[in-house]
Amino acid sequence: MAVYTDITDQELQDLLSGFDLGAPLAFKGIAEGVENSNFLLETEKGRYILTVYEKRVRREELPFFLDLMMWLADHHYPSAAPIRDRRGDILQTVRGKPAALVAFLPGLSVRRPNAQHCREAGEGLARLHLASEGFTGTRANDLGQGAWAPLFAGLKDAAEGLKPGLAATIDADLALLAAKWPKGLPSGIVHADYFPDNVFFQGEKFAGTIDFYFACVDALAYDIAVALNAWCFEPDGSFNITSARQMLAGYESYRPLSDAERAALPVLAHGAAMRFFLTRLADWGATPAGALVRPKDPLEYERKLAVHREAPDLVLMGARA
Ligand SMILES: Nc1ncnc2c1ncn2[C@@H]1O[C@H](COP(=O)(O)OP(=O)(O)OP(=O)(O)O)[C@@H](O)[C@H]1O
Ligand SMILES: N[C@@H](CCO)C(=O)O
């Protein structure tokens, strides 16, 4: 479970003494997630999530993420608003680690999204892109196309261990992606991890987005590519064109794509699959046996890479109305 940091009653009291949230009524660790430690906190004033930031999040980047979350909440995008303490600060320290309190966002994520969920998720993503317009914070995508080859350089043995011959296939993919990676597409704030576990629904209606800790400035269509991979593959590894069509239709009901963005979707989806394959591969080798957090399966994304390599038109079929 993703609670890497224990918090004592005294530490919770110390944290809350800086806020006007009343006395704590309940406090418990949340099992979901792999990146940070999350706790559900109920006080006399309401429900909150306390996040203690762990390995991947750099302290100096937190103001960007938290300011973005504040901006989105202020611009009526359904996401978790960070809570300021009495001094006006959002960023806290718990056990020497950076931490923040955010409002509890109602809703549930879905494990097996259907086509209607995909449509709603597409709408939610376009709304996120539109609501971010005017936000002046900026952060480069440190897991963007330029980062993949250097990352893979240290993972070739791990790839061979996963599947003999895989390192050469990935090298060829990386060369192709470097040659074909689109430039000049409309860019802005992207979520960059818009997976079903980060999107909440009430029934089949989109209810909000969490987990902005990979957000950065990149091509907006790259976010759609991440989402197509994360939402529109079936458990048997096949790409669900109906779900993809619904996701794109939902997205375009708020923000129509340009011809260049639509044409770039196959290579963007191939690249987005590479990004998650590589980070999963890195985590796979780095997670000790018996750890509480189960690393995510890199082979799931190796299979998605193969689909984009062998049938790039599939994504475009989803893009045709
Ligand atoms: N604002 C919120 N409101 C309600 N629940 C939340 C909120 N933020 C987080 N959660 C709960 O905590 C869980 C983990 O949160 P989150 O996805 O941010 O963690 P993470 O470790 O960064 O995960 P990931 O593996 O997706 O990067 C979510 O699945 C959700 O159940
Ligand atoms: N969404 C990521 C993990 C958390 O960032 C993945 O599925 O690999």
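I began with helix α9, residues 259–286. The helix has 28 residues and spans 41 Å from first C-alpha to last, close to the 40 Å expected at 1.5 Å a residue. I keep in mind that this is a predicted model.

Next I looked for a bend in α9. I found a kink of about 50 degrees at Leu265, shortly before the proline Pro266.

Then I turned to ligand 1. I listed 18 residues around ligand 1. Glu32, Gly33, Glu35, Ala80 and Asp211 come nearest. Sorted by class, this shell holds 10 nonpolar, four polar and four charged residues.

Where does ligand 1 lie relative to domain 1 and domain 2? I checked which domains give residues to its shell. Domain 1 (9–103) and domain 2 (115–319) both do, so ligand 1 lies between them.

Around ligand 2 I noted Val34, Glu35, Asp193, Phe195, Phe276, Thr279, Arg280 and Lys296. By class I have three nonpolar, one polar and four charged residues there. Glu35 is on my list for ligand 2 and is among the residues nearest ligand 1.

Last, I took the whole protein. I count 11 helices and nine strands. The radius of gyration is 20 Å, close to the 20 Å from the globule rule for 321 residues, so the protein is as compact as a globular protein of that length. Along the principal axes, the C-alpha atoms fill a box of roughly 55 × 45 × 35 Å. I find 39% of the 321 residues counted as buried.

Methods: Residues numbered from 1 in each chain as written. Chains lettered and ligands numbered in written order. Predicted model: local features only at pLDDT ≥ 70, side-chain atom pairs only at ≥ 80, totals over all residues. Helix = DSSP H or I, 4+ residues; strand = E, 2+ residues; numbered from the N terminus. Expected span 1.5 Å × (residues − 1). Bend = angle between axes of the 7 residues up to and from the residue. Near = placed C-beta within 6 Å. Nonpolar A, V, L, I, M, F, W, Y, C, P; charged D, E, K, R; others polar. Domains from an automatic or database assignment. Rg over C-alpha atoms; globule rule 2.2 N^0.38 Å. Buried ≥ 20, exposed ≤ 12 C-beta atoms within 10 Å, placed from the backbone.
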